[in-house]
Amino acid sequence: MSFIVEPYNICLLGCIYKVKLVLSHIKLILLFTVDMFLGKVRIVKHSKKLELFETSRQLVLPFVYAPKFHSSQFINAPSNSVARVWLGLDVSSKVNPCWPDNRLAIWGEAGTGKTHLLQIWAEKKSALYLTGSVFDSDLSLNWYDFIEKFKAKAIVIDDADIITNSFEMLHLLNIAKELLLPIVLGGRYPPARWKFNLPDLASRLRAMTAVEIEKPEDELLTILLLRLIAERQLVVSTSVIEWLNLYLPRSASTIREAVRLLDEAALSKGSGITKSLAAIILKGIIQ
């Protein structure tokens, strides 16, 4: 069990590969096809959004979309295989990862699955899970108490590259070393490029083992598109999915943004997602 500490409540408790891709693809396509066959134009998402109708205009009160980060939903791919091996999450690997000073950094562009992997590892290791925004410039915490209270056996800091409090960051690294706790940092760039004004911290980050999650493969991006559509409970025909897959840029972050925009547009207009609607909404995105 991991313990997630959110920035606004830091005390809260916190060939097999190809077959898997094909099966996931088929499963989601079948779900969409059944929905269309049953004539579902749209799904009213009571748990996510509240709709208010005012004469001929439909108003929407948006609720925050929370992505799912279960281990069963992570898609193994060559682009993330090295990171999985270093984290000890690759069941096919017989390598027992050994990190210098018990420190590891996982980096890669937005949307490549860093947070998903870090949360899986945190759950497996009963780690204290932190985000970079927790390290406010005025923050002063007794990390010993936190670690003891949550009985943490490891530490994860996601978005570590946005931390502004260099002293608190260095302090936690020292505590982890003292208590022999493994610590994993996540960011969009390798630690050597993180901008910290504390020389001692910068030198330690440069000495860390840094593993990149590479850009996702086309097959992985297709599965991501289908999964995001399913998570938001959107009903989209296979022809529209094929159109999106053809014209959207091959970037995980762009695909996430595109699905978010389509979700908002479909709800506000009270209609299904068609090619014409998608073309208008995604005018600044599609290639």
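Start with Ile 155. Leaving aside neighbours within four places in sequence, Ile 155 is in contact (heavy atoms within 4.5 Å) with Trp 121, Ala 127, Leu 128, Leu 130, Ile 147, Leu 172, Ala 176, Leu 181, Pro 182, Ile 183 and Val 184.

A word on the source. This is a predicted model, in which local features need pLDDT of at least 70 and side-chain atom pairs count only at pLDDT 80 or more, while totals for chains, interfaces and linings use all residues. Residues are numbered from 1 along each chain as its sequence is written, and side-chain values use heavy atoms, without hydrogens and water.

With Ile 155, they have the most contacts inside the largest nonpolar core, which has 30 residues. Such a core is a set of buried Ala, Val, Leu, Ile, Met, Phe, Trp, Tyr and Cys residues joined through side-chain atoms within 4.5 Å; buried means under 20% relative accessible area (1.4 Å probe, protein chains only). Colour the elements that give two or more residues to this core: β5 (127–131), α4, β6 (154–158), α5, β7 (183–187) and α6 (199–206). Helices (H or I, at least four residues) and strands (E, at least two) are DSSP runs, numbered from the N terminus. α5 gives the most, with 6 residues.

Next, select α4 (residues 143–150) and α5 (residues 166–178). They pack at an angle of about 50°, with axes 10 Å apart. Axes are lines fitted to C-alpha atoms, for helices over the stretch in contact, and angles run from 0 to 180 degrees between N-to-C directions. Show side chains: Trp 143, Tyr 144 and Ile 147 in α4 meet Glu 168, His 171, Leu 172, Ile 175 and Glu 178 in α5.

Move on to another core, apart from that one. It has 22 residues, among them Leu 224, Leu 225, Leu 244 and Leu 248.

Select α7 (residues 218–231) and α9 (residues 252–269). Their axes come within 10 Å and cross at roughly 25°. That makes α7 roughly parallel to α9 (angles under 35 degrees). Leu 221, Leu 224, Leu 225, Leu 228 and Ile 229 in α7 meet Ala 252, Ile 255, Arg 256 and Val 259 in α9.

The axes come within 11 Å and cross at roughly 130°. Thr 222, Leu 225, Leu 226 and Ile 229 of α7 make the contact with Ile 241, Leu 244 and Asn 245 of α8.

How values were computed:
Buried < 20%, exposed > 50% of the residue type's maximum accessible area, 1.4 Å probe, protein only. Parallel < 35°, antiparallel > 145°, perpendicular 65-115°, else oblique.
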